[in-house]
Amino acid sequence: MTNVLITGAAGGIGLATVQRFLSKDCKVFAADASEQRLGELRSRFAEPAGHGLLVPVRLDVTSQSDIDRALALIRSEAADLRVLVNCAGIFETTPFLQLSNEQFMAMLDVNLLGAFRMSQAVARDMAQRKLGRIINVGSIAGLKGAPGAAHYAASKGALRALSATMAVELAAHNIQVNLVSPGYVDTPMMGELSNAVRALAMWRVPTKRLASADDIAEVICMLAMLDTSYVTGAEVIVDGGFLGA
């Protein structure tokens, strides 16, 4: 049974990714900062999805002590954690001229530093075993920019560079690092922008729809389960053709 750790696991892309790995008979450590959302996750998967095993874990990616505690728990149950998926992320919009330093740093703390902290801690164990896969969840905002969300775009652009560098350095330890960059995805994180973005998608996206969380989860799972050690440093853009249109 493949052991998988997913952050931001209780909603949106993270939740869909949990379900996808469970259907592949994996043991999934589903990590989230919210006890309430973890409780909802437990209830949702009270009946097994496939033959996988769900292990909810409370984990705040902005806290190194929280990460250390959670990983100690995970190591006690899974000596060979094979896959890390960094799904934890936040999003909000504020015009650039009104954007505060506190807002900017809070976005980086979760979206960029959270992935860094998790990846470094898990990669140290993977390096000892000479085996592992890390998948970071980026955004096309890291390539194209996002009006009204300079801090979000900056966090995802930096995550793109971090992922590429991790792939180069960790290849010697047989750890594959890849990035999945979604376009417009229909998730609760989109909030009140949902209707406006949906209208934009119908106009600009060649597939004429938003992505579902399942669309992104399928690509994440594919990268994690590929039967090859040669795919690393890749960025898979899942945007319905938006950037090419």
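1. By class, eight nonpolar, four polar and one charged residues make up the lining of the largest cavity. Keep in mind that this is a predicted model.

2. How much space lies in the largest cavity? About 60 Å³. The structure holds one cavity of 30 Å³ or more. The lining counts 13 residues, and the closest to the centre are Asn-86, Ala-88, Val-110, Asn-111 and Ala-115.

3. Now the elements around the cavity. Helices α4 (101–111), α5 and α7 each give two or more residues to the lining. The largest share comes from α5, with three residues.

4. Helix α5 (residues 113–129) also meets helix α3 (residues 64–77): their axes come within 10 Å and cross at roughly 35 degrees. The crossing of α3 and α5 is right-handed. On the α3 side, the contact uses Gln-64, Ile-67, Leu-71 and Arg-75. On the α5 side are Arg-117, Met-118, Ala-121, Val-122 and Asp-125. The residues of this contact divide into five nonpolar, one polar and three charged.

5. Next, look at His-151, which sits in helix α7 (residues 150–170). Is His-151 buried or exposed? His-151 has a relative accessible area of 0%, so it counts as buried; the cut-off for buried is under 20%.

6. Which residues does His-151 touch, leaving aside its neighbours within four places in sequence? His-151 is in contact with Glu-92, Thr-94, Leu-99, Gln-103, Phe-104 and Met-107.

Technical notes. Residues are numbered from 1 along each chain as its sequence is written. This is a predicted model: local features need pLDDT of at least 70, side-chain atom pairs count only at pLDDT 80 or more; totals for chains, interfaces and linings use all residues. Side-chain values use heavy atoms; hydrogens and water are left out. Helices (H or I, at least four residues) and strands (E, at least two) are DSSP runs, numbered from the N terminus. Buried means under 20% relative accessible area, exposed over 50%, partly exposed in between (1.4 Å probe, protein chains only). Contact means heavy atoms within 4.5 Å. Axes are lines fitted to C-alpha atoms, for helices over the stretch in contact, and angles run from 0 to 180 degrees between N-to-C directions. A crossing is left-handed if the near helix is turned anticlockwise from the far one by less than a right angle, and right-handed if clockwise. Ala, Val, Leu, Ile, Met, Phe, Trp, Tyr, Cys and Pro count as nonpolar, Asp, Glu, Lys and Arg as charged, and the others, Gly among them, as polar. On a 1 Å grid over the protein atoms alone, a cavity is a set of points where a 1.4 Å probe fits but cannot get out, and a pocket is an open set with protein on both sides within 12 Å along at least five of seven lines; lining residues have an atom within 4 Å of a point. Grid points are joined across faces, edges and corners, and a volume is the space filled by probe spheres set on the points.
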